Amino acid sequence: MASNFNNPVFPSLPNDIPLPLPTGGMDVLLVPVFHILLVVSFLVHIVFINVLLGSSVLSVINNWIGHLRGDKNYDRVAYLLTTPVTISENMGALWGVAPLLIVSVMYTAFFYSASVMNSPQWLHIIWGNVVAFLTSYLYKFSWHKLENSKALHITIGAIAAILFLSLPPVFMSTVQLYITPSSWAPNTHFWDVVTRPDVIFRLAHFYLGAFAVNGMFMLLYGVYKRDKGQDLEAAKILIRQGKAWFVVPTVLNLFVGTLAFFQFPNYGIEAFYSNGFVIFIIISVFSVLVALGMLIKEFLNDSIPTKVVYISALFLLVTLGSMGITRHGMRISLLEPAIAQMQKQTQEYITAVQKDYEEAKSKPSVVDVAEASHLSEGEKLIAKNGCTACHSKEQKLVGPSFKEISIRGYTAEKIVSLIYNPEPSNWPEYSPMPPMANVPKEEAMKIAQWISNLK
Amino acid sequence: MIDYPVFEMPVLGHRLIFAIDAILHVLISHGAAVGGSVVLVLSQWWAIKNNDQKMYDLTYKILFVLFIAATAIGALTGIGIWIHANIIDPPAIGSLLRVFFWKWFVEWIVFNVELIFLLLWFLTWKQLGWEGRHKNIKFGIVYAIASWLTMVIITAILGFMLTPGNWLTSIFPTQPDYVASLFNPSWIPSLMFRTFFAIGFAAAVSMYWTWWFTKDDIQLRERAEKFFSKITLLSIPPTVLFGLWYYSQIPQEAKALMFVAGLTTKYVGHKEMLIFALLGAFALIMLAVFLFYVKPRGVPFVLASLMMVSYVFLVAEFERIREFVRKPYIVYGYMYAHGIRELDVAHLNNVGVLKYAQFVPVQYRTVTEENKVKVGEYLFKLECRVCHSVNGINAITKKVKGLDETAIYYRIGTLNSPATPFMPPFVGTDEERKALAAYLASLVQDKNTQVAKDNKGGQ
C-alpha cells in the first residue's frame, strides 16, 4: 500500500468516543488545563524515568569497577544509587499514569488504535516492568547477603538494568505511532513500527537524554553529600562521573536531536513552524549550551562550587521544560488535521445513528410482532423463551425440529424435565443443548404440551 | 470496536490475559495495600502499646513482603488493567474515562499520597528504629487512609459498570450525569464489602507469613497468630452483611447469570458443585482461622497454605462472577461487550458494520461470493473475539461443532436470546451474518475433513 506518511491523508481513522470531553461544557477553560497538565506531568514522569534508567546502569557499572579494583568507594557509590532507583521506579510509574489519563481522554482513538496495533508487545510495559521491578529489588535487598558472590550480584543488577532499558522501545513505538496516523494501514504492526527511522532516532535521542539527565542528578547528589560532609570519597566519584555523563551525551544529542526532528512527517514539520513552536527549540538549545559551558569550564575541578551546579541544573530544567513543549507542539501539529477529519466523520455517523434509532423505535419490536400475530400460544412461548435460537417447528436447526422431538412420544412432564436437564445422549448426532433454567415452570409445561401435540 | 484495529492473542485469548492481570491486582490491592496497611498499622500499634519489640520486628518483616508485592506487582497490574482494557475494548474504556476522568484524576492524586507515605513508612522504619516508633507509625496511618480512599473511588467506577443507574440525561447527543454516575446504587455496599473482606484477607496473609517468620520463636508465633486471627474473625460478620446488601443491588438479569458465570454452561446443571466449592473454601478458611485463634502452635503449615489457596479461589471466583454477570454488556444497558452501543444497533443493522471497519482491508469491506469466508473471519474478530478464541479458551470451534452453515446462520441470529443471554446480539446486515456463518462453518468443516484425512492416513 502506498504510504501517506508525509501527507495529511488518513485512510484508517476510527470514530471519536460519542461522549463529551469531561469539561462540564467549559471547554474554553478546561482544555488548556488539560494541555498544561499533560506537559507538566509527562515531564516529571520522564525525569524520574531518566534517573531510573541512568542510575540502574551506573549502579551496576560502579559495582563492577569496585569489584575489579577492590575499591570500597565505588561499591558505596553503586549502593547509594539504588535508593534513587527504588524511588524513581515507583514515582516514575505513578507519574506516567497522569499523562496516560489525559492522552486517553484527549486523543482517545489515536492512542488506543496505536496501542492495539502494537499488541501484544505493548503489554511488555506491564509484565516486563513487573519482572524488572522484582529483579531490581532483588539487587538492592541482596546487597549485603551477596557481598561475597559479586559476579552473581552484578549479573542480577545487569538483568534489571537491561529489562528497564527494554521498555522505552515499546513506549516510543506506540507514542510515535499514535501521533502519525498518516502511517496507519490495516496491517501495521509493532515490528514495522519499532524499526522505523523516526522511532529509532527518537529513541536514540531519548536514551542519550536519559543519561545526561541522570548525569546531572549524580552531580547534584554528589554535591549534596559533599556539602553535608557524608561519604566524601563516594561524593567525589559521583561528581566526576556526573559531569562526564552530562557533558558527553548532551553534546551528541545536539546532533541526534536535529536528525530526529527531521524524521517527522513533512506536513507536521510545516505546521510546527507555522504554529511558531520553533521558538521552544531555540530556547532549549540555548539554555543547554549555557549549562554545558558552565560544566565544561569546571570539568576538571573536583571542588566545583555548589552554586555553579545549581545554576547549570536550572538551565537544564529550562531545556527540559521547553523540550516538553516542543514535543507537545509536534503532537498538536501532527494531529490537528486528523482530529478535524475524525470530528467530521463522527458527526456524520451520529446523525445517521440517530435517524435509524428513531425510525426503529417507532416500529414495533419482534416480540410485539409475535404477540400481535395469530401465532398459537406455544409458538409465542418458544419465541419468548429463546427456543427458536435452536429449534423450529418443522426444520432441523441447531437442535432437532419440534416435530421430530414429538415423534419420540415423551410425556409432557418428561419434556419439562428435559428442558431443565437435557439428556444429550438421546440425540448423539447433535451437540448438547444447554439447560434452560430461565423458563418459568408454567410456561415450560405449556410448551411441553404444545410439543407433544405436534405429532 | 468495529472501527478499531484488532490484535491477535494466540491461545490465551483476550479474556484470560485480562483476568490474570485483574485477579493479581485484586489479590494484592486488597491483601496488601488496602487490607494490609490497616492490619500492619494495627499490629505496629499493638506492639508499641505492649512494649513488644519482637512483634515490632515481625511487623517489619511482613511489611517488607507487602512493600514488594504492592509496589512491584500491585501498582503495575493496576496500570495494567487499563492497558489491557485499552487494547481489548477501546471504546469501553474510552467511554468510562470520559465519564470518570476527574474521579480518576483525584484517585491519582491520592495515589501520590499513598505511595509517598508507603515509601516513607517502609524506608524509614529501620532508620528510625524502636526509638522513632511513634513517628514511623504516623506514616503508616496516612498510608492506610490513602489506600482506602483509592478503593472508594475505584469501587464507584466498578459499581457504575454493573449498575449505572440513570446516568444519561440525554442520548442524542449523549450527555452523562456525572453526579448520578458516581452515586450508583451498588457503590457503598460494594465498597464496605470489599473493605472488610480486604482486612480479613490481609490478616490471613499476615498469619501465613508469621508462620514463616517465627519458626524459631514459638512464643512470638502464639501472640502474633492470635492477634491476626482475631482481626479476621471480627471482619467476617460485617463482610457477610455488606455482601448481602451488595447482592440485593445487582440487577435481576445479572443474578440469573450467576451460576453460568461460576460454572460455564456445561456444568450449569450442577449448581451444587459451585455451592459446595464456595462453601468448602469458606469452611476451610474458618477452620484455619479458628485454629490459629485457639491453638496457634498446633496449626500445620499445610492448613495455613490451604487457607491461602481458598482465599485466592474465593477472590478469583468472585471477580469472575462479577465480570460475567455484567454480560452481555460492558456498561450495563449502554454498551455491549463487543463495544457496540445499544443505540448503534439499528443503524449498523441497516448499513452493516463493515462500512465502518477502518482496519479491515478495503477489498474485504463488501461481501462477495468469493471473499465471504475471509470477510467472515474479520467479522468474527470484530464482534466475537473479545470472548471467544478460535481454538483456545472458549473456543468458537467447539461451540459450532457439528452444525452446518444454515444452522449456524440461525444461531447467530439469536445470540442474545434467553438461551444465551450473556452474549450480545450479532450486529450487521443479513449478508454479513451469512459471511460469518460461512467462516464459522469453514472452521469446523476443515476440521472434519482434516479428521477424515487423518483417519485414512492412520489406516
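**A tour of two chains and their interface**

Start where the chains meet: 77 residues of chain B are in contact with 76 residues of chain A. Keep in mind that this is a predicted model.

**Stop 1: the interface**

Show both chains together. About 6,900 Å² is buried between chain B and chain A, and carbon and sulfur atoms give 75% of that area.

Look for polar links next. Across this interface there are 17 residue pairs in polar contact, both partners at pLDDT 80 or more. On chain B, the elements that give two or more residues to the side touching chain A are helices H1 (13-49), H2 (53-88), H3 (90-128), H12 (345-351) and H15 (405-413), plus strand S2 (174-176). Which element gives the most? Select H3(B): H3(B) leads with 19 residues. Now colour that side of chain B by residue type.

**Stop 2: salt bridges**

How many salt bridges cross the interface of chain B and chain A? The rule finds 1. Select Arg98(B) and Asp16(A) to see this pair, with the closest N and O atoms 3.2 Å apart. Side chains of opposite charge can pair when their charged atoms come close.

Zoom out to the whole structure, where the search finds 27 salt bridges over all chains. One of them joins the side chains of Lys150(A) and Asp75(A), at 3.0 Å from N to O. Lys150(A) sits in helix H6 (residues 150-165) of chain A and Asp75(A) in helix H2 (residues 72-80) of chain A, so this pair ties together parts that are 75 residues apart in sequence.

**Stop 3: a helix in each chain**

Select H9(A). Its 32 residues should span 46 Å at 1.5 Å a residue, and its end C-alpha atoms are 46 Å apart, so the two values agree. Gly229(A) follows H9(A), and its phi is positive, near 75°.

Now go to helix H7 of chain B, residues 218-248. Its 31 residues should span 45 Å at 1.5 Å a residue, and the end C-alpha atoms are 45 Å apart, which agrees. Where is the kink in H7(B)? Select Ile236(B): the kink there is about 30° and lies shortly before the proline Pro237(B).

**Stop 4: backbone exceptions**

Most residues other than glycine have a negative phi, and most peptide bonds are trans.

- Asp231(A) is not a glycine, yet its phi is positive, about 45°. Find Asp231(A) in the loop between helix H9 (197-228) and helix H10 (232-261) of chain A.
- Ser119(A) and Pro120(A) are joined by a cis peptide bond, with omega about 0°. Pro120(A) is in the loop between helix H4 (108-117) and helix H5 (124-141) of chain A.
- Phe172(B) to Pro173(B) is also a cis peptide bond, with omega near -5°. Pro173(B) is in the loop between strand S1 (168-171) and S2 of chain B.

Conventions
Residues numbered from 1 in each chain as written. Chains lettered and ligands numbered in written order. Predicted model: local features only at pLDDT ≥ 70, side-chain atom pairs only at ≥ 80, totals over all residues. Heavy atoms only, no water. Contact = heavy atoms within 4.5 Å. Buried area = accessible area lost by both parts, 1.4 Å probe. Salt bridge = Lys/Arg side-chain N within 4 Å of Asp/Glu carboxyl O. Polar contact = N/O pair within 3.5 Å; in protein donor to acceptor, adjacent residues only side chain to side chain. Helix = DSSP H or I, 4+ residues; strand = E, 2+ residues; numbered from the N terminus. Expected span 1.5 Å × (residues − 1). Bend = angle between axes of the 7 residues up to and from the residue.
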